[in-house]
Every structure is written in structure tokens, then in C-alpha cells.
Amino acid sequence: MSTQDGQKNGLRWTKLGRIFDPIEHQLPNDCREFAQSPQVLVLPDRVRIYFSTRQVDPLNGKFLSHVAYVDMDRALSKILTVSPKAVIPLGRLGCFDQHGIFPMHVVRDNDRILTYTCGWSRRVSVSVETAIGFAQSFDGGATFIKNGAGPIMGPCANEPFLVGDPFVNIVNGTYHMWYIFGVRWVDEPKNLPPDRVYKIAHAVSHDGLTWERTGKTIIPDVIDENECQALPTVMRWRNRYHMYFCFRNVRGFRTEKGLGYRLGYAYSDDLVTWTRDDARSDLALSADPAAWDSEMMCYPHLFAVDDVAYILYNGNRFGRNGFGLARLLD
């Protein structure tokens, strides 16, 4: 497929199936199931895939999200090892990441390995609040040390809650972050708990720590104003920037097929203005009702290894049964 054909007709992918099922491996912190939001660090001899998994909180039976990784060969066909412990600790009492880190995006910055985290903490009036943290690795990506107990980006006047899902690219010395922020909580009908609505935004930085943000959404809705958009991932490929993300309805997404997460797509030539065109991507739910991704596709991650482009994503039940892989055809 030529560059011109790819831009005219869209991206073509071939699904390679599920490549990691957490129930088949021993995970740290007595975590069970769940391998959510796979995110890649390409190493010289392997591909390290970080993911968030879940531990049952012994205090209340709710979940705590921890970050682990699985190492695969560079062909992404063989599992080499699974991390023996969580790669970054949860926050202490009262901190923004006390109850979980999900997702965690890792990026190389020359000789540094940085990570941007989405920390979760429980609330009373609504279920959760999030903010974005920062850490570095000094052992090749095996563990990460936070720069402090608090976040580097949290709620502000124009982004009032649920700031999270950071994805960072460094382009010509400028740090670009795509992330989400909450615009409202929906509390109708009253017999249901409130559900959150969040949108994708963009920020820039000159040091990776202090960010300039606009409080504006950059991806138009296709469902309605309560469309929920999550986990943007961006890659430059064949002279154009491509973004994948997941989106869903605000209600019914946990139980009704067709209302849960599916993948959206947008493209840009300047990293700022994005054109949404989901039809240009052929990454759709599997037609086989028994398939692991027949009801949901979510939490995508674009990356390249040896000049081959891939996308990781979770399937049914928000990644409870692991993540799969697709390869770009061009």
C-alpha cells in the first residue's frame, strides 16, 4: 500500500490475536486477572509491555490497580518473563494515586526513561478522581521512582476533574501530551450511580513537567455530547500523525453490546488540529461472538519495532482476559 493509498483509503490492519492472558501467569501483589492498557518500551533485545493489573483490597474488597510488565521477543511472538513485582508503588494515605495507577505511559527522553501515570483515588459523592503523576527509571525500566507524592497535572478551572490517561511524544524538543479530562458526571436516572464523561485534550511542555493546556477538547463526538473518550495514543507513520483512542456510551456500557468501548481514529499533520474519521480504520469488533474481542475493544497503544507498526489493545470486559496485537499492513 503506498503512502497516498493509505492516506486516501485508511489504515489496514491484520489482527494477530491475544498475546497475553494474565490468568496464565503469576502476577505481583497477588493480582488476579486484568492486564489493562498495555504500553510499550522497546529495548535492544526485547519489547517490554507494561500493563495495569488488579489486587483485591483486603480492607473493603474493592480493587487496587498495580503496574507490572511482560517482556516479549522483538517479533512479539514469545513471552520471555513477567515482572516479579510491581514497577511503581501506589501512593500513601490520601495521595492522588492511593488506590491505583492505570494507565502508565513510558517514554524515552534521550538517555532517560520517563513515565507519566494516571493515579486513582476513591471519592464519596462519586466513585473516583484521577490526576497525572511523573516518575523516572534508573534501572532500564524495571522500576520507577516518583518525583514526589503529588501529581504534575490535576484538576484546574477549565478541567475540573478526572485528569488522566497521559500519552507523551517528544517532537523537535517539545513535549506533547494527549490526555483526558472530565466535563460532567451524569446522574440521571437517579436509580443508577453517577457515570463520568471525559474528553481528549492536548498540552505542551518544554521540560516534561510544567504543561501549557487549553481546557479544550480536540476530538469531535460521534455518539452525542455524553460520548466518553479515553486513552489517546499517537504515532507518526508515513508522513502523518495518527491517533487511536477508545470511546463509549455513558450508560449501559458495562452490560450492553454496542454501547461499550470501541476504537476511534483521527489524523493530523501538525499535532494540534485533528480530523476524526473512524471509517479510515478497519479495527473493528470480531464477528465471532466467542472471540475475546467480540464485545469490546479498548485502551489502544501504537508503537513500532524494526520499522513495523503495531497496535496493542484490550478486549472484552475491559481487559480482564488480557491484551492482543494487530500489525499494520502497508
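**Notes on the aromatic pairs and their surroundings**

1. Rings of Phe, Tyr and Trp (its six-membered ring) pair if their centres lie within 6.5 Å; planes under 30 degrees apart count as stacked, over 60 as edge-to-face and the rest as tilted. The structure holds 21 aromatic pairs.

2. Some ground rules. This is a predicted model, where local features need pLDDT of at least 70 and side-chain atom pairs count only at pLDDT 80 or more, while totals for chains, interfaces and linings use all residues. Residues are numbered from 1 along each chain as its sequence is written, and side-chain values use heavy atoms, with hydrogens and water left out.

3. Take a look at Tyr50 and Tyr69, an edge-to-face pair at 5.9 Å centre to centre with 70° between the planes. Tyr50 lies in strand 3 (residues 46-56) and Tyr69 in strand 4 (residues 63-72), so the pair ties together parts that are 19 residues apart in sequence. Helices (H or I, at least four residues) and strands (E, at least two) are DSSP runs, numbered from the N terminus. Both Tyr50 and Tyr69 are buried (under 20% relative accessible area, with exposed over 50% and partly exposed in between; 1.4 Å probe, protein chains only).

4. Next come Phe253 and Phe318, also edge-to-face: 6.2 Å centre to centre, 90° between the planes. Phe253 sits in the loop between strand 15 (241-248) and strand 16 (262-268), and Phe318 in helix 2 (residues 316-319), so this pair links distant parts of the chain, 65 residues apart. Phe253 and Phe318 are both buried.

5. Finally, Trp13, which lies in strand 1 (residues 12-20). Trp13 is buried, with a relative accessible area of 8%. Leaving aside residues up to four places away in sequence, Trp13 touches several others, including Tyr244, Leu302, Ile311 and Leu329 (contact means heavy atoms within 4.5 Å). Trp13 and Leu329 are 316 residues apart in sequence, yet 5.5 Å apart in space, C-alpha to C-alpha.
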